Amino acid sequence: MALGLTRSGTDVAATWICGSFLHIARLWPLILLSKICVMLMLGLLVFRPQDWSQFLLLGLMFLVDGALMIVPRKDRFRRLRPHIQTWAMLPMLFLSGLSYSAWIAGALGWTQTASPLLTALSELVVALLVACIVGDRRLLGMSYFLGVLVAALIGSAGLIPIGLLSSGLLVMAVATVRQASVDRDRAMAMHRQDLRAQRSDRLLQGHERSGRGWFWETDRQGNLTYISDTLCETLKLPCGSLIGRAFTDILRPGDRQAGDGERTLGFHLSARTGFSEIPVCAALSKEERWWSISGQPVFNEYGQFHGFRGSGTDLTEMRRSQAEVTRLAQYDSLTGLANRIQMLRSLEQAVAARHGRPGECTLMMLDLDRFKSVNDSLGHPAGDALLRQVSQRLQRVVGDKGLVGRQGGDEFKILLPRHHDKSSLELLAKAIIATVAEPYNIEGTSVVIGVSIGVSMSPQDGVTAEALIRNADLALYAAKGDGRGVHRFYAPEMHADAEDRRKLEEDLRHALAADGLHLVYQPVVSSRTEQITGYEALLRWNHQTRGPISPALFIPIAEDTGLIGPLGEWVLRTACLDAAQWPEGIRVAVNVSPTQFANPGFPSTVMNALAAAQLTPERLELEITESVFLNDDSDTDSMFARLKSLGVRLALDDFGTGYSSLGYLKKAPFDKIKIDQSFVRGAAIKGSRNSAIIKAIVSLAEALDMDTTAEGAETQDELALIRQLGCSHIQGYIYGRPMPMEDVLIAHRGGVTTAAVPKGYRSSRPERKTMLRTVAVHHDGHSYTGRVRNISETGALIEGLWNVPVGTSFSVELSDRLVVQATARWSKDDRMGVVFDRSIDLASLRAQPRALAS
């Protein structure tokens, strides 16, 4: 195999053997010329016509030498395998030497012009010339020598020529064997090196084509001598236009922002020092592109500098990803507003002290009202769309006055830097409330929500970000507890109210788990027969230490904390079990929260409660508020249909106080409309328009074949007016306060219906509003803290002051701008009723509260 006489079994073909055949063919004319010259010098080119063998030998020599000059040049020959080419060349060289020596020997037979020794030396000279031409392909030379030796033996040459030829053949045989092994090892080493070079080249080309990196090279002057095609394609420039230009021309100089510090790329190139992963920006690109450049100086074996060689990678997408990550870290992905982190950072910067003084700014905390019902009824995608529209409105209202951010869920923040007076903040808050309250179009559905706002200011309400957030949150709780859809400024008294709310939430959870709640029932009376036709189940909570807690106080807490679901289910089951013990003609009415109504499993809950109590469905009346129509969609209609299919009665509660529900009455399957007590109370007072509203509602209900119930009737004149206006049912203190289950059973002892006897004042008194408000009470130079439980234009119920003598005069500070003189009319334990020396405007009190607990 090393000699090329058989098929190669190594990793590389024996191309080092056949590779020289073409060069031998190109130089072989010199051999033929040398043969002719030797013949001329020896005078052997003399022919005898009768000696035809000499002509044949001479023709064979020219034929063989011609073949050696022509055959190796042919493509067909060169396509043969190396060992086949070798076997083809060996006989041709053998015949060349044989024909030449045989011709010389034949010529010496009939001419005596040259001595045999000189002739042998001449043959040996040509043979040595052949050995020089074949070079390290000594096997071919051996074949030629062998041909000459065979001719000498046949021609019976002397011992000297045969000895010289045999010695030469032996030397060439030894050299051939040794050289063949060396050539094989060297060829294999070069082949492996070539394979590595090709593999490296393919890998580099693949790396370039993949777009993950590119390569560059410069000369001593820093001019480009090579640059990858992929980079030229990225720059949209021909590579030829970049070759010869300074490498720094395609790059912007490094700086600190680029991450290069003071050691810029130009410094590294001029100092001829290596560098790695220096971020630079492209100078010739039409768009901003960032690269990471690495390079090393190139020196020759004598230490002379030849230039730089290096690589680069594209950082553009990574930079864009980092920018997107930074944006996501600072902005809300849903609304595009500043997120919690950025708002906190901006707030900390706004309150940071400057020149020894705390920074001035205002923080507004916003919470959307009725957003949860939208999310529950229309789904989270609709809720997300609503949040996006709200954020756009907030940005439009605030403009460049401040920074709008999303706290999370349906909570937002507004940061107003610098000082702002209270009046301008009030105007901004009112504008936000009015803008947010405008209807939204979500997936073809009209949606109406509201917003409550809590405001804290630096430095008066706190000099740290944490203090401002906490106090704005307290003000927000006050706004939500004061009816929602309003704004409130922080006041120090709100801390006590917030703690009171938190404690109430804990106690409510415990009361629900430990059966600490109970139901009472208020009668619903027929205005025509004055017979009790049903009872409304009302939830009550008698606190272990605080005593009775108003539902107006703990129901909003249950709604905010998610307790309203299990609480409503408990009320429904208990009311059905109690009603099952009443006479057959007596119904029970149960209030349904919007959260319950939006739950797809609510009909199953109703059916289970009826089945567990063995109560007929028509005896259960579900009172649903107008807020369920907030999202008029197929789910709402489906819920009405499912409930109606159970056979229960449906009543529209608090009619006229919420949304425009006239359009829904024509398709909602209500059996009764309940007129809110705000229309009933004071309706008999001269000049009140409430009676006209009640009359219109009654006429509407009669036209739709629905019953009507007037809520909140307390006085004789209100009762007379309600009957006169045609209400079918009446509910209020005039026919009795809510009573426990035991009293209801006593009233219907024997299983009969009971007639109701009206009891109450003859005429109406001013409207009272239930609330929990912390107030300051001043008496004889002392200041006390009390809480208002309910209030009217002429008086209030205040708790917190023990055993106050009747007739004691006070100065009650209801808000920052409203102080009124009051006198105690009655007192019991820590409660007392006071009468004001003048009437107050409840609307102005609502707009300027001092503090609120919920």
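This dialogue walks through a few features of a predicted model.

Biologist: Where do we start, and how many helices and strands does the protein have?

Modeller: Start with the overall count. The protein has 29 helices and 27 strands. The model is predicted. Of its 854 residues, 47% count as buried.

Biologist: What share of the contacts joins residues at least 24 apart?

Modeller: Take contacts between residues at least 6 apart in sequence. Of these, 63% join residues at least 24 apart.

Biologist: Now a helix pair. At what angle do α17 and α18 cross?

Modeller: Read the axes before the side chains. Helix α17 spans residues 465–481, and helix α18 spans residues 494–513. Their axes come within 10 Å and cross at roughly 70°. Angles of 65 to 115 degrees count as roughly perpendicular, so α17 is roughly perpendicular to α18. The crossing is left-handed.

Biologist: Which residues make that contact?

Modeller: From α17 come R470, N471, L474, A475, Y477 and A478. From α18 come M494, H495, A498 and R501. By class, the contact of α17 with α18 holds six nonpolar, two polar and two charged residues.

Biologist: Are α20 and α22 roughly parallel or roughly perpendicular?

Modeller: Apply the angle test again. Helix α20 (residues 564–579) and helix α22 (residues 602–613) have axes that come within 8 Å and cross at roughly 30°. Angles under 35 degrees count as roughly parallel, so α20 is roughly parallel to α22. Here the crossing is right-handed.

Biologist: Which residues of α20 and α22 meet?

Modeller: On the α20 side, E569, L572, R573, C576 and L577. They meet F602, T605, V606, A609, L610, A612 and A613 of α22. The contact of α20 with α22 divides into nine nonpolar, one polar and two charged residues.

Biologist: Let's go to single residues. Is L394 buried or exposed?

Modeller: Check the relative accessible area. For L394 that area is 1%, so L394 is buried. L394 sits in helix α15, residues 380–398. Beyond neighbours within four places in sequence, L394 is in contact with L366, V404, F412, I432 and V436. G405 is 11 residues away along the chain, and its C-alpha lies 9.4 Å from that of L394.

Biologist: And why does Q522 count as buried?

Modeller: Buried means under 20% relative accessible area. Q522 has 8% relative accessibility, so Q522 counts as buried. Q522 is in strand β13, residues 517–526.

Biologist: What does Q522 touch?

Modeller: Skip residues up to four places away in sequence. Q522 then touches G534, Y535, E536, L538, Q731, G732, Y733, G736 and P738. Q522 and M739 are 217 residues apart in sequence, yet 6.3 Å apart in space, C-alpha to C-alpha.

Biologist: Which residues does the cis peptide bond join?

Modeller: Read omega. The cis bond joins S458 and P459, with omega about 15°. P459 lies in the loop between β11 (450–458) and α17.

Biologist: What is phi of R370, and what is phi of N803?

Modeller: Phi of R370 is near 65°, a positive value in a residue other than glycine. R370 is in the loop between β6 (361–369) and α14 (371–378). With a relative accessible area of 34%, R370 is partly exposed. Phi of N803 is near 50°, also positive and also in a residue other than glycine. N803 is in the loop between β24 (795–799) and β25 (809–815). At 57% relative accessible area, N803 is exposed.

Key. Residues numbered from 1 in each chain as written. Predicted model: local features only at pLDDT ≥ 70, side-chain atom pairs only at ≥ 80, totals over all residues. Heavy atoms only, no water. Axes fitted to C-alpha atoms, helices over the stretch in contact; angles between N-to-C directions. Helix = DSSP H or I, 4+ residues; strand = E, 2+ residues; numbered from the N terminus. Parallel < 35°, antiparallel > 145°, perpendicular 65-115°, else oblique. Left-handed = near helix turned anticlockwise from the far one by under 90°. Contact = heavy atoms within 4.5 Å. Nonpolar A, V, L, I, M, F, W, Y, C, P; charged D, E, K, R; others polar. Buried < 20%, exposed > 50% of the residue type's maximum accessible area, 1.4 Å probe, protein only.
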